[in-house]
Amino acid sequence: MTDLIRGLSIFLVGMMGTGKTTVGQVLAKQLGYRFFDTDVLIERVTQQSISEIFTIQGEEAFRDIESQILMEVCACTKSVIATGGGIVLRPKNWSYLRHGLVIWLDVPTNVLVQRLLLDTTRPLLQETELKPKLETLMDSRKRLYSEADLHISIENAQTPEEIVAQILDRIPLIILPEKASYSVKIEEN
Ligand SMILES: Nc1ncnc2c1ncn2[C@@H]1O[C@H](COP(=O)(O)OP(=O)(O)OP(=O)(O)O)[C@@H](O)[C@H]1O
Ligand SMILES: O=C(O)C1=C[C@@H](O)[C@@H](O)[C@H](O)C1
Ligand SMILES: [Mg+2]
């Protein structure tokens, strides 16, 4: 598999709570790739939590930092990069995501509600009714997530390991016809 991907990085996109961070770590380990998480990198460079950035500087400032981090991390090869749920919003971010293979983790909203009910770390979900908020976000982002190279539909009971197996099964089907030129380009670097 790693031979087939030839150093290409993998970006995980999708709604909050779909498991980009959780699944990404397992995927990176299986591929022997490095793992990055844009949310973690943002907190590290700013020395602030995401909630603090939203409260003090606002969402647009957060999106600026997110784009900057993505620009830097997209230069890495042999990496799995878990992104923030809103990374797809800025058109410019797609030019960075296209450095690698973009995989959309898609989980039914009802499952996200169960997972995020007690969460206090995601500012967009605080002080609002969770299910309608998630539905509104999904409605406005679905078209963007669907720009990914690969769409992974996840059932409620699938473990991160099962999801990784599903991803690894599907990658050869898209990478051979569509990403051959990317693979060659990265090999030359
Ligand atoms: N396959 C799974 N089965 C059960 N629970 C899961 C699964 N994947 C993730 N979770 C749980 O769901 C919650 C959210 O997962 P995670 O933080 O990985 O999502 P995320 O997509 O990275 O969200 P964000 O966009 O906010 O960063 C965590 O509590 C995690 O343990
Ligand atoms: O979906 C979103 O807009 C967000 C998702 C999280 O990963 C964080 O990046 C932040 O809470 C915003
Ligand atoms: Mg995450």
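Predicted model: local features only at pLDDT ≥ 70, side-chain atom pairs only at ≥ 80, totals over all residues.
Colleague: What makes M16 one of the residues around ligand 2?

Modeller: A residue counts as near a molecule if its C-beta atom, placed from the backbone, lies within 6 Å of it, and the residues around ligand 2 are M16, D39, I50, G84, G85, G86, R122, P123 and L124.

Colleague: How do you know how the residues of that shell around ligand 2 divide by class?

Modeller: Pro counts as nonpolar, Asp and Arg count as charged, and Gly is among the polar ones; the shell around ligand 2 accordingly divides into four nonpolar, three polar and two charged residues.

Colleague: Which residues are closest to ligand 1, and which element gives the largest share of its shell?

Modeller: Of the 18 residues that surround ligand 1, the closest are M16, G19, K20, T21 and T22. Two or more residues come from each of α2 (20-31) and α9 (160-178), and the largest share, three residues, comes from α2. By class, this shell has four nonpolar, 10 polar and four charged residues.

Colleague: Why are T38, D39 and I42 of helix α3 called buried?

Modeller: A residue is buried if 20 or more other C-beta atoms lie within 10 Å of its own, and in α3, which spans residues 38-46, T38, D39 and I42 are buried.

Colleague: How do you know where on α3 the buried residues lie?

Modeller: Seen down the axis of α3, its buried residues fall within an arc of 105°, so they line one face of the helix. Their cover includes β2 (34-37), α4 (50-56), α5 (59-73) and β3 (79-82). Just after α3, Q47 takes a positive phi of about 60°.

Methods
Residues numbered from 1 in each chain as written. Chains lettered and ligands numbered in written order. Buried ≥ 20, exposed ≤ 12 C-beta atoms within 10 Å, placed from the backbone. Helix = DSSP H or I, 4+ residues; strand = E, 2+ residues; numbered from the N terminus. Arc of directions from axis to C-beta. Contact = placed C-beta atoms within 7 Å.
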